[in-house]
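This report walks through one model, helix by helix. Please look over the sequence and the fold before reading on.

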Amino acid sequence: MNFLQVTKRYYLKEWRKNLSEESLEMIGFQMISNTGTARSLAMEALFAAKEGDFALAEAKLKEANTYFVEGHKVHASLIQKEAAGDKVEFSLLFMHAEDQLMSTETITLLVKEMIEMYKRFGK
């Protein structure tokens, strides 16, 4: 685990402990950070598959999923908060974070399909 991953895990752990005290801005940054990392890893998986390294591609997709799930958990916590009656403010930053979440999910699904095509048709 590299320094960036350790740092992200630390801040996410701290964020979860203090969810009610965190600002929407910080929540947005957590979503953007995790989903951005997931998207980068998904693209690394595609590049590995392009070179024929399917084991590395699968490992990158697995790691990408870990970050995506963390980003999704942050988002789900806000939905739960609002469902419980707590007002959640809307901002452009949060809208961007949601956009990143959705585009990462789409990109990852497409990357998985492209990796299957590389496997089927060869390099």
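What should the 30 residues of helix α4 span at 1.5 Å a residue, and how far apart are its end C-alpha atoms? Helix α4 covers residues 92-121 and should span 44 Å; its end C-alpha atoms are 42 Å apart, which agrees. The expected span is 1.5 Å times one less than the number of residues.

## Basis of the model

This is a predicted model: local features need pLDDT of at least 70, side-chain atom pairs count only at pLDDT 80 or more, and totals for chains, interfaces and linings use all residues. Residues are numbered from 1 along each chain as its sequence is written, and side-chain values use heavy atoms, with hydrogens and water left out.

## Overall fold

The protein chain has four helices and zero strands. From the N terminus, its elements run α-α-α-α. Helices (H or I, at least four residues) and strands (E, at least two) are DSSP runs, numbered from the N terminus.

Of the 123 residues in the protein chain, 33% count as buried. Buried means under 20% relative accessible area, exposed means over 50%, and partly exposed lies in between, with a 1.4 Å probe and protein chains only. Among contacts with a separation of 6 or more, 76% join residues 24 or more positions apart. A contact here means heavy atoms within 4.5 Å.

## Helix α4

The buried residues of α4 are Phe94, Ala97, Gln100, Leu101, Thr104, Thr108, Val111 and Ile115. Their cover includes α2 (24-50) and α3 (54-83). Just after α4, Gly122 takes a positive phi of about 80°.

Leaving aside residues up to four places away in sequence, Thr108 touches Ala42 and Leu61. Glu116 is also placed in α4, but counts as partly exposed at 41% relative accessibility. The C-alpha atoms of Glu116 and Phe54 are separated by 9.5 Å, with the two residues 62 apart along the chain.

## Helix α3

Helix α3 has 30 residues, which at 1.5 Å a residue should span 44 Å; its end C-alpha atoms lie 42 Å apart, in agreement. Its buried residues are Ala57, Lys60, Leu61, Ala64, Tyr67, Phe68, Glu70, Gly71, Val74, His75, Ser77 and Leu78. Just after α3, Gly85 takes a positive phi of about 105°.

Two packed helices are described by the angle between their axes and the distance between the axes. Axes are lines fitted to C-alpha atoms, for helices over the stretch in contact, and angles run from 0 to 180 degrees between N-to-C directions.

α2 and α4 pack at an angle of about 15°, with their axes 9 Å apart. That makes α2 roughly parallel to α4. Angles under 35 degrees count as roughly parallel, over 145 as roughly antiparallel, 65 to 115 as roughly perpendicular and the rest as oblique. α2 passes α4 in a left-handed crossing. By class, this contact of α2 with α4 has 19 nonpolar, seven polar and four charged residues. A crossing is left-handed if the near helix is turned anticlockwise from the far one by less than a right angle, and right-handed if clockwise. Ala, Val, Leu, Ile, Met, Phe, Trp, Tyr, Cys and Pro count as nonpolar, Asp, Glu, Lys and Arg as charged, and the others, Gly among them, as polar.

Met26 is found in α2. At 32% relative accessibility, Met26 counts as partly exposed. Its C-alpha atom and that of Phe94 are separated by 9.4 Å, though the residues are 68 apart along the chain.

## α3 against its neighbours

The axes of α2 and α3 come within 8 Å and cross at roughly 165°. The two helices are therefore roughly antiparallel to each other. Their crossing is left-handed. By class, the contact of α2 with α3 has 18 nonpolar, six polar and four charged residues.

α3 and α4 pack at about 155°, with their axes 11 Å apart. That makes α3 roughly antiparallel to α4. The crossing of α3 and α4 is left-handed. From α3, the contact includes Phe54, Leu61, Phe68 and His75; from α4, it includes Phe94, Leu101, Thr108 and Ile115. The residues of this contact divide into 10 nonpolar, five polar and five charged.
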